[in-house]
Amino acid sequence: MITVAELAEGVRADKRAVLARAITLVESRRPDHQALAQQLLLALTPAPDAPIATRVGITGVPGVGKSTTIEALGNHLISLGHKVAVLAVDPSSTRSGGSILGDKTRMGTLAVNPRAYIRPSPTSGTLGGVAKATRETIVLLEAAGFDVILVETVGVGQSEVTVANMVDTFTFLTLARTGDQLQGIKKGVLELADVVAVNKADGDHIVEARVAARELSSALRLIHPRGSLWRPPVLTQSAIEGTGIPEFWDAVIRHRTTLQEAGEFDRRRRQQQVDWTWTMVRDTVLSRVEQSDGVRSVRSGVEAAVQDGSLTPALAAQRLLDAFDGR
Ligand code: GDP
């Protein structure tokens with residue numbers, strides 16, 4: 001059995017086999033594994049003067065070009081001297097068993113580059129469980145010297161909000177949409193996005209992409225009024241040709257620098273830690289309620305009563321909580 005100290009040492013030395021074991025440990029739901037994982041994370045707490053990695057979220061509908069962008073961006077970052085880790089948060093994979101990023105062939109050159117590390121979404125548990133594992137994996141990867149962490153997600157349920165809360169810069173990829181089609185973009189994602197890029201701006205689509213970028217930019221001005229600390233730029237790019245990728249990264253760095261200069265970067269990270277703490281409290285309380293013997297014994301009856309209208313949801317909730325035996 002490998003010790004926590006050996007795991008920590010192996011992770012710090014970026015030994016990939018050890019790193020993979022450490023990630024498996026933080027992903028595990030076994031209580032003994034979780035206890036070890038917490039010791040490991042404590043052992044890997046960064047020194048106050050350690051360099052701070054850049055954490056970037058990337059979202060967009062399937063097919064928009066996230067993987068292709070990550071492949072191009074990752075290679076660009078490596079050429080700048082960075083070490084790049086790619087993670088995914090895909091709660092739907094818990095049902096399908098498959099995962100975005102499951103197929104590394106879409107990031108062919110990045111996957112084989114020794115300065116890159118690609119890890120698909122954990123496939124067990126709820127969004128809360130996946131998010132916890134991903135946050136903890138970020139800590140491991142940063143300890144291993146990865147200074148850029150890219151977290152990919154598709155806009156399923158709350159997953160975008162979850163990823164936005166674990167990164168410094170949240171980016172949104174879209175296709176050229178104008179006029180009425182703009183309505184098809186979820187408003188929530190525009191509120192979360194720090195950088196927006198219209199992808200597939202190549203061939204016959206360049207002009208269309210530029211027009212779409214201008215329209216999106218006006219839509220964003222309504223969300224971020226003049227005087228806001230940061231107004232998200234809308235860029236155009238072609239992931240397949242690599243055009244606009246360096247500019248995409250420049251925008252991420254400008255965002256980071258703007259937040260840092262205003263003292264907002266540290267404040268955000270500290271707030272994320274506090275929010276994360278409370279999220280785990282909520283998740284744990286909920287799972288204790290669901291698993292308590294008292295709740296289990298009344299659950300199906302209460303649910304049936306809500307369904308047939310003999311109990312209101314509020315009364316049903318009260319009945320379940322009354323049945324919760326507090327363990
Ligand atoms: P994801 O589902 O968002 O990860 O999208 P992929 O990266 O897998 O890309 C979906 C499809 O769009 C693939 O066939 C890509 O080759 C293609 N694609 C991605 N980026 C571009 C681009 O910039 N221009 C063009 N023309 N096609 C692209």
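User: Which residues in α12 do His255, Arg256, Leu259 and Gln260 in α11 meet?

Analyst: The model considered here is predicted. By class, the contact of α11 with α12 has two nonpolar, two polar and three charged residues. On the α11 side stand His255, Arg256, Leu259 and Gln260, and their partners in α12 are Glu264, Phe265 and Arg268.

User: At what angle do the axes of helix α11 and helix α12 cross?

Analyst: Two packed helices are described by the angle between their axes and the distance between the axes. Helix α11 covers residues 245-261 and helix α12 covers residues 264-291, and their axes come within 5 Å. Angles of 65 to 115 degrees count as roughly perpendicular, so α11 is roughly perpendicular to α12. The crossing angle is roughly 90 degrees.

User: Which strands are the edge strands of the sheet?

Analyst: Seven strands form an open sheet with parallel pairing, in the order β3-β2-β4-β1-β5-β6-β7. Each edge strand pairs on one side only. The edge strands are therefore β3 (116-119) and β7 (234-236).

User: Which residue in β3 stands opposite valine 86?

Analyst: Strand β2, residues 84-89, pairs with β3 in the parallel sense over four bridges. Opposite valine 86 in this pairing stands isoleucine 118.

User: What angle does the direction of helix α7 make with that of β2?

Analyst: Helix α7 (residues 127-143) packs on the sheet, where it touches β1 (54-59), β2, β3 and β4 (148-153). Angles over 145 degrees count as roughly antiparallel. The direction of α7 makes with that of β2 an angle of about 175 degrees.

User: How far is an oxygen atom of the ligand from a polar backbone atom of alanine 239?

Analyst: The ligand is surrounded by 15 residues, and the closest are Gly63, Lys66, Thr68, Arg106 and Asp202. A polar backbone atom of glycine 65 is 3.0 Å from a ligand oxygen atom, and a backbone N or O atom of serine 67 lies 2.9 Å from one. For alanine 239, the distance is 2.8 Å.

Technical notes:
Residues are numbered from 1 along each chain as its sequence is written. This is a predicted model: local features need pLDDT of at least 70, side-chain atom pairs count only at pLDDT 80 or more; totals for chains, interfaces and linings use all residues. Side-chain values use heavy atoms; hydrogens and water are left out. Axes are lines fitted to C-alpha atoms, for helices over the stretch in contact, and angles run from 0 to 180 degrees between N-to-C directions. Helices (H or I, at least four residues) and strands (E, at least two) are DSSP runs, numbered from the N terminus. Angles under 35 degrees count as roughly parallel, over 145 as roughly antiparallel, 65 to 115 as roughly perpendicular and the rest as oblique. Contact means heavy atoms within 4.5 Å. Ala, Val, Leu, Ile, Met, Phe, Trp, Tyr, Cys and Pro count as nonpolar, Asp, Glu, Lys and Arg as charged, and the others, Gly among them, as polar. Two strands pair if DSSP finds at least two bridges between them. A residue is near a molecule or strand if one of its heavy atoms lies within 4 Å of it. A polar contact is a pair of N or O atoms within 3.5 Å; within protein, one must be able to donate a hydrogen and the other to accept it, and residues adjacent in sequence count only if both atoms are side-chain atoms.
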